[in-house]
Amino acid sequence: YRMLHHETGANPYWLSIVCDLLVMRANIRRRGALEAADVRWALDEGLRQQGEVFLQEWSDALEESPECATLVRGLAFAGGPVDLRGLGRALITSKAGNGLIDRQSLRRLVEKGIVSTDGDRYELTVPLFGQWLRQWEV
């Protein structure tokens, strides 16, 4: 449950997609108990089937500003919650930026719901979006 909740960011759309796939898998396999591997399969399959939905989110980040898109890319490559220093390192490692953080752009991404913050740590609200960005190297 935690993996499903975290990876989808508790987004109702993604929860419904992934849960439908999980029910389908359980019915095909004729078993009620699901394991972490089943959840991972459903997340990957949902991403494969519905990945174009993330094109809109990516477009929103690009429309906001090139700085916002750079930050989203850096957070995708960070792969989880990071502080500003970790985000700067992710920007350099992913070749998305020079390591400097545009705090105003980061604040806009939080306001739009693309990025979540917990104190001084930041991550994509729907980590599955980060997987899509890494997979397609957008």
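**Ground rules.** I am working from a predicted model, in which local features need pLDDT of at least 70, side-chain atom pairs count only at pLDDT 80 or more, and totals for chains, interfaces and linings use all residues. Residues are numbered from 1 along each chain as its sequence is written, and side-chain values use heavy atoms, with hydrogens and water left out.

**Entry 1, H4.** I looked up what covers the buried residues of H4 and noted helix H2 (12-29), helix H3 (36-50), helix H5 (66-78) and helix H8 (127-136) among the elements. Helices (H or I, at least four residues) and strands (E, at least two) are DSSP runs, numbered from the N terminus. Buried means under 20% relative accessible area, exposed over 50%, and partly exposed in between, with a 1.4 Å probe and protein chains only. The buried residues of H4 are Phe54, Glu57, Trp58 and Ala61. They cover an arc of only 100° around the axis, which puts them on the same side of H4; the arc is that of the directions from the helix axis to the C-beta atoms.

I found Phe129 in helix H8. Phe129 is buried, with a relative accessible area of 0%. Leaving aside neighbours within four places in sequence, Phe129 is in contact with Phe54, Glu57, Trp58, Val72, Ile114 and Leu124; contact means heavy atoms within 4.5 Å. I noted that Phe129 and Glu52 are 77 residues apart in sequence and 11 Å apart in space, C-alpha to C-alpha.

Ser65 lies in the loop between H4 and H5. I had to check whether to call Ser65 buried, and its relative accessible area is 8%, so it is. Beyond its neighbours within four places in sequence, Ser65 is in contact with Ser105 and Arg108.

I went on to helix H7 (residues 103-112), where Ser105, Leu106 and Leu109 are buried. Down the axis of H7, its buried residues fall within an arc of 100°, so they line one face of the helix. On the other side of H7, I found Arg103, Arg107 and Glu111 exposed. The buried residues of H7 pack against H5, helix H6 (84-93), strand E1 (115-118) and strand E2 (121-124).
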